[in-house]
Amino acid sequence: MANLKSSIKDIRRTVLADTVRVTIELDSEVPFHDERLENPSRVFVDLPMTRAAPGLLDRTLRFEGDADLVRQVRVGRHPNSTTRVVLD
């Protein structure tokens, strides 16, 4: 079972009245690790035993035209079959 991977199907950002919601859609539930870092301010989520859909792999999703907190989402590979999603 350890070789089974979950897939990241989509990443969506929704601007709401007083917050920004980022949804990471997977095809199955996975444990995750998240941290907040400073200089520059960002949050990352590590998703072990996952792979991103081809359209998301090693990609930066940029959001322009508004002044909210999440301006881009970066998706990258990390060691041990982990996908890292960074919210800048």
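**View 1. Arginine 13 meets its partner across a strand pair.** In strand β2, valine 22 is the bridge partner of arginine 13. Strands here are DSSP runs of E, at least two residues long, numbered from the N terminus. Two strands pair if DSSP finds at least two bridges between them. Strand β1 covers residues 6–15 and runs antiparallel to β2, with seven bridges joining them. Isoleucine 11 stands opposite isoleucine 24 of β2. The two strands are linked as a hairpin through four residues.

This is a predicted model: local features need pLDDT of at least 70, side-chain atom pairs count only at pLDDT 80 or more, and totals for chains, interfaces and linings use all residues. Residues are numbered from 1 along each chain as its sequence is written, and side-chain values use heavy atoms, with hydrogens and water left out.

**View 2. The three-stranded sheet.** What is the strand order in this open sheet of three strands? The order is β2-β1-β5, and the pairing is mixed. The edge strands are β2 (20–26) and β5 (50–52), and each pairs on one side only. From one strand to the next, the twist averages 40 degrees. Axes for such angles are lines fitted to C-alpha atoms, and angles run from 0 to 180 degrees between N-to-C directions. Strands β1 and β5 run parallel, joined by three bridges. Serine 6 faces threonine 50 of β5 across this pair.

**View 3. The β3–β4 hairpin.** Strands β3 and β4 form a hairpin with four residues between them. In the turn, asparagine 39 has a positive phi of about 55 degrees. Strand β4 spans residues 42–47 and runs antiparallel to β3, with five bridges joining them. Histidine 33 stands opposite aspartate 46 in β4.

**View 4. The five-stranded sheet.** Five strands form an open sheet in the order β3-β4-β8-β7-β6, with antiparallel pairing. Strands β3 and β6 stand at the edges with a single partner strand each, so one side of each is left without a neighbour in the sheet. Neighbouring strands of this sheet are turned by 15 degrees against each other on average, direction ignored. Five bridges join β4 to strand β8 (residues 82–87), and this pair runs antiparallel. Valine 45 has valine 85 of β8 as its bridge partner.

**View 5. The largest pocket.** Which residues line this pocket? They are Arg36, Ser41, Arg42, Val43, Leu69, Val70, Leu87 and Asp88. A pocket is an open set of points on a 1 Å grid over the protein atoms alone, where a 1.4 Å probe fits, with protein on both sides within 12 Å along at least five of seven lines; lining residues have an atom within 4 Å of a point. By class, the lining has four nonpolar, one polar and three charged residues. Asp, Glu, Lys and Arg count as charged; Ala, Val, Leu, Ile, Met, Phe, Trp, Tyr, Cys and Pro as nonpolar; the others, Gly among them, as polar. The pocket volume is about 200 Å³, taken as the space filled by probe spheres set on the points, which are joined across faces, edges and corners.

**View 6. Confidence along the chain.** The protein averages a pLDDT of 89, and 91% of the residues score at least 70. This score is the predictor's confidence in each residue, from 0 to 100. Among the strands, confidence is lowest in β6 (residues 60–62), at a mean of 91, and highest in β3 (residues 33–37), at 97.
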